[in-house]
Amino acid sequence: MNEPTTPQVNSHPAATFLAIRALAARELVRFFRQRTRIVGALGQPLIFWILFGAGLHGSFQAPEWAPAGMTYQEYFFPGVVVLIILFTAIFSTISLIEDRREGFLQGVLVAPVPRVSIVMGKLVGGTILAVIQAVLFLAIGPLLSLIGLAPAMQIGWTIGTILAAGGFLILVAFSLTALGYLIAWPMESTQGFHAIMSVFLMPMWLLSGAFFPVPETGWLAWVMRVNPLTYGVAGLRQLMYAGMEMGESPRIPGVGMCALVMLVFGAVCTGIAVWMTGRRKSADQR
Amino acid sequence: MIDVRELTHHYGSHCALRAVSLEVSAGTILGILGPNGSGKTTLFRILSTLYPVQQGSVTLGGISLTDDPAAIRHKIGVTFQAPSLDPRLTVEENLRYQGYLYGLSGRPLRERIEEIMSRLKLTDRLRDRVQSLSGGMQRRVEIAKGLLHDPQILILDEPSTGLDPGARIDLWIYLQRLRDESGMTILVTTHLMEEAERCDRLVILDRGEVAATGSPEELRSSLGGDCLTIITENPDSLREKIETDFQLPFQKIGDNLRLEAPRGHELLRNLVEAYPDEIQSVSLGKPTLEDVFIARTGHQFWGAESAS
């Protein structure tokens, strides 16, 4: 047989990177071979945006920090972007449960790769998919005003804010995929994940300022302020209005604060995910 | 190459492995033979680093599994009983990603994939999605995946699951070639007697304990002589009669009576003459591995659950 080709040091960064690349690439290949997933992850939020935008148009009162004349559909726009990211993150991490059931995961677990690269492979793959779809929606959304399905919006970009928003989208996508990972890891069936999705992930999004603004007082205000996703929506919202000052308000945190919260949240979720993956437990494999 | 000592494993209060010890020297094929539920899959999962070592010690290629599972993962190739291929990817993609996980890339990886595919006669299916292959072909890709990084130790869990008899023979020829040409150490779990026969050494597992160890030949000859099995309507009374008339300790296994005896053919004649009405049929044969299993454990290989 061949000369031994097995590399001796596999904790080497290059090997770790190679493993992350392989696992992330597999996520992308799988995604693009399942057309229905693309429709689900992008189509539903788009329909939500148009229908809720039209339906709640009359009953919406823009918060004091918003640019004058903001319609509900415009307000809802960054919220839908975050919803797309959430859906994609959920779909990506549901595949973790499938990987376990189909057996692919056990093959990865016996491979000589640092456990962190198993987690990162999934997260990088999920993040890329989420960001691609979010950017698609960010580009398509304003165009709908040309055919009357959306109002004219005051969104304005500069090169700087496009780059900043891109970075911020990556941060949000990565954090949400990490959150999905640590929910999916101990799950035996996708049904369990769907249950968590309806009682935890969807409310998390509803209470993030994506759907309605954070009220000034009351329990709801508090719940929304401790929700990390609130900072994801608020950060993206502010980056979308280049050169337009949002009114200073305790109801919307600044961009720096938003980035910091997302960063800490993502790091904590990733840390837990790596720890979970590294644990060898008899009950882990069926 | 593989050294397992006093390995005990519990699932909650259920004890799946009880003080299992075994040793495999380099370049041998060791079979773990046992019925379903004997603990062989648990043993496989511990050796493949999926399950932790709870009690006892395991050393693979001189490295302790408790100390450094990561280093062991380099040395072992693993083939699972359940498929570990991604059905939505092509054969080539599955193998390429596997290569990346083992630190192979670029030309060496391409060459390695080609080499192993031609050895397993799969070259023309490289671009096909795994889900379009037959069960036997998927199995071969599965084995190719485990061999891709040229491991020193190959661990296979019920490798012939889903293979037709012809493919099963091919698989064993290939395993024996790996042993002979590369000096690979191979550990195979199986519940098939004819597979167990092809191993260099066998460990018979029963209810989480080692019931016997040795080469298939040693195990069979340890029984001595011939193996006599009587089928009768009334095993208990017949057994008592034989015990008083002949002083022979027949074992009752299910509804049959069995005994190993040095001169089976004479005994057979005597028994049939003595109890023409009670005996429905008698069979006489050289002991098989199944006989070894029955003799060592006192019950049939196929327990009540699978009743065959």
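Guide: One set of terms comes first: an angle under 35 degrees counts as roughly parallel, one over 145 as roughly antiparallel, one from 65 to 115 as roughly perpendicular, and the rest are oblique. The model is predicted, and local features need pLDDT of at least 70, side-chain atom pairs count only at pLDDT 80 or more, and totals for chains, interfaces and linings use all residues. Residues are numbered from 1 along each chain as its sequence is written, while chains are lettered from A and ligands numbered from 1 in the order in which they are written. Helices (H or I, at least four residues) and strands (E, at least two) are DSSP runs, numbered from the N terminus.

Two packed helices are described by the angle between their axes and the distance between the axes. Axes are lines fitted to C-alpha atoms, for helices over the stretch in contact, and angles run from 0 to 180 degrees between N-to-C directions.

The part to examine is the pair formed by helix H3 (residues 72-102) and helix H7 (residues 190-210) of chain A, which pack at an angle of about 160 degrees with their axes 11 Å apart. H3(A) and H7(A) are therefore roughly antiparallel to each other. The crossing of H3(A) past H7(A) is right-handed; a crossing has this hand if the near helix is turned clockwise from the far one by less than a right angle, and is left-handed if anticlockwise.

Two residues are in contact if their C-beta atoms, placed from the backbone, lie within 7 Å. H3(A) brings A:Gly79, A:Val82, A:Leu83, A:Leu86, A:Ile90, A:Ile94 and A:Ile97 to the contact, and H7(A) brings A:Thr190, A:Phe193, A:Met197, A:Leu201, A:Trp205, A:Ser208 and A:Ala210. Sorted by class, this contact has 11 nonpolar, three polar and no charged residues. Here Ala, Val, Leu, Ile, Met, Phe, Trp, Tyr, Cys and Pro count as nonpolar, Asp, Glu, Lys and Arg as charged, and the others, Gly among them, as polar.

Another pair in chain A consists of helix H2 (residues 35-55) and helix H5 (residues 115-143), whose axes come within 10 Å and cross at roughly 35 degrees. The crossing of H2(A) and H5(A) is right-handed. A:Ala41, A:Leu42, A:Pro45 and A:Leu46 of H2(A) meet A:Gln133, A:Leu136 and A:Phe137 of H5(A). This contact has six nonpolar, one polar and no charged residues.

Chain A also touches chain B: 30 residues of chain A are in contact with 34 residues of chain B. Helix H1 (13-33) and helix H4 (104-109) of chain A each supply at least two residues of that side of chain A. H1(A) gives the most, with nine residues. The side of chain A that touches chain B has 15 nonpolar, nine polar and six charged residues.

Chain B is assigned domain 1 (2-219) and domain 2 (224-286), with bounds from an automatic or database domain assignment. The centres of these two domains, taken over C-alpha atoms, are separated by 41 Å.

B:Val91, B:Asn94, B:Leu95 and B:Gln98 of H3(B) make the contact with B:Val141, B:Ala144 and B:Lys145 of H5(B). This contact has four nonpolar, two polar and one charged residues.

Strands complete this view. Two strands pair if DSSP finds at least two bridges between them. An open sheet of four strands in chain B has the order S12-S13-S11-S14, with antiparallel pairing. Its edge strands are S12 (251-253) and S14 of chain B, each of which pairs on one side only. S11 (residues 226-232) and S13 (residues 256-261) of chain B pair over six bridges, and B:Leu228 has B:Leu259 in S13(B) as its bridge partner. S11(B) also pairs over six bridges with S14 (residues 279-285) of chain B, where B:Leu228 stands opposite B:Leu284. Helix H9 (residues 235-246) of chain B lies across S11, S12 and S13 of chain B, running at about 30 degrees to S13(B).
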